[in-house]
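Here is a short briefing to read alongside the model. Keep the structure open as you go, and look up each residue when it is named.

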Amino acid sequence: MSSQYTFTGQFTFSIDSKNRINIPAPLRKQFSKKDKKTFVVTRGIDQCAWIYPISEWNFIQNELTQLSSLSKTNRIFLRNHLRHANIVKFDSQGRFVLPQSLINYSSIDKDVTIIGVLNKIEIWNPNLLRKVDQSDEIDDQSYEELSERVNI
């Protein structure tokens with residue numbers, strides 16, 4: 001099953017004193033009515049927070065149930081990703097409260113960079129994102145091979 005979501009773009013916002021973050025209107029408008037402004041915010045693999053619309057998260061959860069709990073690696077992977085997942089709704093102004101554990105994990109202070117990445121939204125500390133962008137260079141050969149696979 002392919003995703004109905006194609007989040008794109010980069011936005012800069014501030015987190016307020018109540019730990020609320022505004023989901024940018026261009027991203028918010030893409031949420032399906034069936035998701036009823038409900039999404040899951042969780043730890044990303046990189047030092048950021050990930051947001052998945054609830055229908056997308058349900059698909060991911062279904063995929064995760066295919067992992068055998070007999071495998072230690074699977075158990076650790078599931079535990080590390082699912083224990084930080086919070087079901088959240090955004091309010092009429094497009095805001096939601098980012099849990100303190102995710103603020104700490106992402107080293108978010110005041111400013112945040114919000115990025116649409118196809119089926120999810122990422123929330124970053126802008127300084128960390130700059131460092132990741134500078135250190136995550138892909139060599140020309142790998143980039144060429146990847147671009148051939150995705151036909152861009």
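Which side chains meet in a salt bridge at 2.7 Å, N to O? Those of Asp16 and Arg20 do. Please keep in mind that this is a predicted model.

**Charged pairs**

- Side chains of opposite charge can pair when their charged atoms come close.
- Across the whole structure, a search finds two salt bridges.
- One of them is the pair Asp16 and Arg20. Asp16 counts as partly exposed because its relative accessibility is 24%, and Arg20 is also classed as partly exposed, at 21%.
- Asp91 and Arg95 form a salt bridge too, with the closest N and O atoms 3.0 Å apart. Asp91 is partly exposed at 27% relative accessibility, and Arg95 is partly exposed at 22%.

**A buried aspartate without a partner**

- Asp35 sits in the loop between α1 (25-28) and β3.
- Asp35 is buried but has no salt bridge. The nearest side chain of opposite charge belongs to Lys34, 5.7 Å away.
- Not counting residues up to four places away in sequence, Asp35 touches Gln4, Tyr5, Pro53, Ile54 and Ser55.

**The largest pocket**

- Rolling a probe the size of a water molecule over the atoms shows where empty space is left.
- The largest pocket holds about 180 Å³ of space.
- Its lining is made of Thr42, Arg43, Ile45, Trp50, Tyr52, Trp57, Ile60, Leu64, Phe77, His81 and Lys120.
- Two or more lining residues come from each of β3 (38-43), β4 (49-53), α2 (54-64) and α3 (72-82).
- Which element gives the most to the lining of the largest pocket? That is α2, with three residues.
- By residue type, the lining divides into seven nonpolar, two polar and two charged residues.

**Helix α2 and its packing**

- The buried residues in α2 are Ile54, Ser55, Glu56, Trp57, Ile60 and Leu64.
- These buried residues of α2 pack against β3, β4, α3 and β5 (86-89).
- Ile54 and Ser55 are also among the residues that Asp35 touches, while Trp57, Ile60 and Leu64 are among those lining the largest pocket.

**Positive phi angles**

- Most residues other than glycine have a negative phi, and most peptide bonds are trans.
- Asn19 has a positive phi, near 65°, and is not a glycine. Asn19 lies in the loop between β1 (10-14) and β2 (20-22), and is partly exposed with a relative accessible area of 22%.
- Leu118 is not a glycine either, and has a positive phi of about 60°. Leu118 is in the loop between β7 (111-117) and β8 (120-124). With a relative accessible area of 54%, Leu118 is exposed.

- Is Phe7 buried or exposed? Phe7 counts as buried because its relative accessibility is 0%. Phe7 is placed in the segment before β1.
- Leaving aside neighbours within four places in sequence, Phe7 is in contact with Leu27, Gln30, Phe31, Pro53, Gly116, Val117, Leu118, Asn119, Lys120 and Ile121. Among them is Leu118, one of the residues with a positive phi.
- The C-alpha atoms of Phe7 and Lys29 are separated by 10 Å, with the two residues 22 apart along the chain.
- Leu78 is in helix α3 and is buried, with a relative accessible area of 17%. Outside four places in sequence, Leu78 is in contact with Leu64, Leu67 and Arg83.
- Leu78 and Cys48 are 30 residues apart in sequence, and their C-alpha atoms are 18 Å apart in space.
- Asp140 lies in helix α6 (residues 140-150) and is exposed, with a relative accessible area of 67%. From Asp140 to Asn58 it is 36 Å in space, C-alpha to C-alpha, and 82 residues in sequence.

How values were computed:
Residues are numbered from 1 along each chain as its sequence is written. This is a predicted model: local features need pLDDT of at least 70, side-chain atom pairs count only at pLDDT 80 or more; totals for chains, interfaces and linings use all residues. Side-chain values use heavy atoms; hydrogens and water are left out. On a 1 Å grid over the protein atoms alone, a cavity is a set of points where a 1.4 Å probe fits but cannot get out, and a pocket is an open set with protein on both sides within 12 Å along at least five of seven lines; lining residues have an atom within 4 Å of a point. Grid points are joined across faces, edges and corners, and a volume is the space filled by probe spheres set on the points. Helices (H or I, at least four residues) and strands (E, at least two) are DSSP runs, numbered from the N terminus. Ala, Val, Leu, Ile, Met, Phe, Trp, Tyr, Cys and Pro count as nonpolar, Asp, Glu, Lys and Arg as charged, and the others, Gly among them, as polar. Buried means under 20% relative accessible area, exposed over 50%, partly exposed in between (1.4 Å probe, protein chains only). Lys and Arg count as positive and Asp and Glu as negative; His and the chain ends are not counted. A salt bridge is a side-chain nitrogen of Lys or Arg within 4 Å of a carboxyl oxygen of Asp or Glu. Contact means heavy atoms within 4.5 Å.
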